[in-house]
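Here are my notes on this entry, point by point. Please keep the coordinates open while you read.

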Amino acid sequence: MRETLKLSLRLFLFALVAALALAATNEITKDPIARQAVKKANAARDAVMPVYDRFDEMELVDAESYPDIEAVHSVVKDEQIIGYTFQISSTGYKGPIVMTLGISSEGAVSALSINSQSETAGLGSKVADEEFLSQFPGKPVDTGALASDVDTISGATVSSKAVLSGVDQAFRYAAQVLGIGSANSEAVPNPSADAQSGATSDAQSGATSDAQSGATSDAQSGATSDAQSGATAGAQSGAASTTPSSATSDTQTGATTDGNGGATAEESAQNGGAAA
Amino acid sequence: MKLKQVFTNGIITENPTFRLLLGMCPTLAISTAAVNGVGMGLATTFVLVFSNLFISLLRNVIPERIRIPAFIIVIATFVTIVDLSIKAFLPALSESLGIYIPLIVVNCIIFARAEAFAFKNPPLPALVDGLGMGIGFTLAITLLSIIRELLGNGTIFGVHILYEGYKPMMIITQAPGGFIMLGLLLAAVNALSNRKNNA
């Protein structure tokens, strides 16, 4: 018993010294680390909206419906709001993909940039490449356009969908809360956030969720989305064309998330996605 | 044991990656790009040197029966210091190495050297052993990384080496490729050292 006490005391002493050393290190490094985080976030905002006087952080409205949106800033120039930036964190194939989306007040995407991702090197990591990101500038803030006009990356369906799903959520926020753009089509599902159910993603669809559940293959998705339009009554643009593509891509992504998304499975999934 | 011998031991005779086969997890996971290999190797070397040094300095103060928790405290403290420092001052490296920096704690090389060498030897040899093992590990992981980056991406340290139309071998940068390349490298190392021993 005395032996145990002595040993415990000794160990406690070591732990105490270690804790003090770590506390000291933390004191020294915590400011630079905080500064890095702020710099990175600002740099990301700056990268997507280069023309501005300042970014004003906005309070998040209805945060539960938009779980992936971490922050919304308004872009102010000459005391006018000329656009908004969204900091989004989607569940990717291997971890969170943090990205920044910039949109103008007129309802067009200024740019999308990836802050951080830990996807498969050479495959999913390509979401951070110019080739993929260059599809976004200029696109209208319209969830229908997102599903049909943006190509996913060959062999990296899950990572691509994760990005698209995050951007989709931002578009919805813009349409439903800020009154910019339109969100009249079905939500882009995030295959990673929904690894369990495989097909429909409820967590991602926000306002469309419950009405949607059985309705993935339902061509009437235009009808369900009415339930949530506070959105500008824009043309029901992609309603018809998006349904088939989301339907096919659901089954594909369901297939890819099983097992481990080996190269062949992703290839065939991509072919289905590209054809859509 | 002479210091020079202690040093070269970690690089050649008892290279942690190719001879002792320790620290395989970070070796396989990190070696997809050469710059990551170097960064990881240097971070591990730092931890190795200081943990060996401190454990050796404390070897008469640490009771044998609690030596393992004591090692862990020392190693984890230094790894955390490295992790916080890299996050604060080298954020780009922190991004690419990600979670593998904190995982240095469970890198078997460090624990093995603490147990097999530092706990039984004076500080200076322990420090030199840590340095040698760390450099040996860095060289090994960098070599593997260069090969994997070259074949899997066509670049070395980000510089395009292979011809334009080169279609990268995707599998090389993923886990199976890591195992395969490591196996081939081990075979090559064994062949070389057998030839040297028989010569």
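This is a predicted model: local features need pLDDT of at least 70, side-chain atom pairs count only at pLDDT 80 or more; totals for chains, interfaces and linings use all residues.

1. In H1(A), the buried residues are Leu7(A), Phe14(A), Ala18(A), Thr25(A), Thr29(A), Pro32(A), Ala41(A), Ala44(A), Arg45(A) and Val48(A). Their cover includes strands S1 (54-58), S2 (69-77), S3 (80-91), S4 (96-104) and S5 (109-116) of chain A. Helix H4 (67-89) of chain B is also part of that cover. As background, an α-helix has 3.6 residues a turn, so residues three or four places apart point the same way.

2. Length and kink. Helix H1 of chain A covers residues 2-48, which is 47 residues. At 1.5 Å a residue it should span 69 Å, and its end C-alpha atoms are 65 Å apart, so the two agree. The helix does have a kink of about 40 degrees, at Thr29(A). Thr29(A) and Pro32(A) are both among the buried residues of H1(A).

3. Main core. The largest nonpolar core has 33 residues. Those with the most contacts inside it are Phe86(A), Leu101(A), Ile103(A), Phe136(A), Val163(A) and Val167(A). At least two residues each come from S2, S3, S4, S5, helix H2 (130-133) and helix H4 (157-178) of chain A. H4(A) gives the most, with nine residues. In soluble globular proteins, nonpolar side chains tend to be buried together.

4. Phe86(A) up close. Which residues does Phe86(A) contact, leaving aside neighbours within four places in sequence? They are Ile69(A), Ala71(A), Val72(A), Met99(A), Thr100(A), Leu101(A), Ile103(A), Ala170(A), Tyr173(A), Ala174(A) and Leu178(A).

5. Second core. A separate core has 32 residues. Phe71(B), Ile101(B), Ala114(B) and Phe119(B) are among them.

6. Positive phi. Most residues other than glycine have a negative phi. Asp62(A) has a positive one, near 55 degrees. It lies in the loop between S1 and S2 of chain A. Its relative accessibility is 40%, so Asp62(A) counts as partly exposed. Leu21(B) also has a positive phi, near 50 degrees. Leu21(B) sits in the loop between helix H1 (3-13) and helix H2 (24-30) of chain B. With a relative accessible area of 41%, Leu21(B) is partly exposed.

7. A buried loop residue. Thr120(A) is in the loop between S5 and H2 of chain A. Buried or exposed? Thr120(A) counts as buried because its relative accessibility is 11%, under the 20% cut-off. Beyond neighbours within four places in sequence, Thr120(A) contacts Tyr93(A), Lys94(A), Ser125(A) and, in chain B, Gln174(B).

Conventions: Residues are numbered from 1 along each chain as its sequence is written. Chains are lettered from A and ligands numbered from 1 in the order in which they are written. Side-chain values use heavy atoms; hydrogens and water are left out. Helices (H or I, at least four residues) and strands (E, at least two) are DSSP runs, numbered from the N terminus. The expected span of a helix is 1.5 Å times one less than its number of residues. The bend at a residue is the angle between axes fitted to the seven residues ending there and the seven starting there. Buried means under 20% relative accessible area, exposed over 50%, partly exposed in between (1.4 Å probe, protein chains only). Contact means heavy atoms within 4.5 Å. A nonpolar core is a set of buried Ala, Val, Leu, Ile, Met, Phe, Trp, Tyr and Cys residues joined through side-chain atoms within 4.5 Å.
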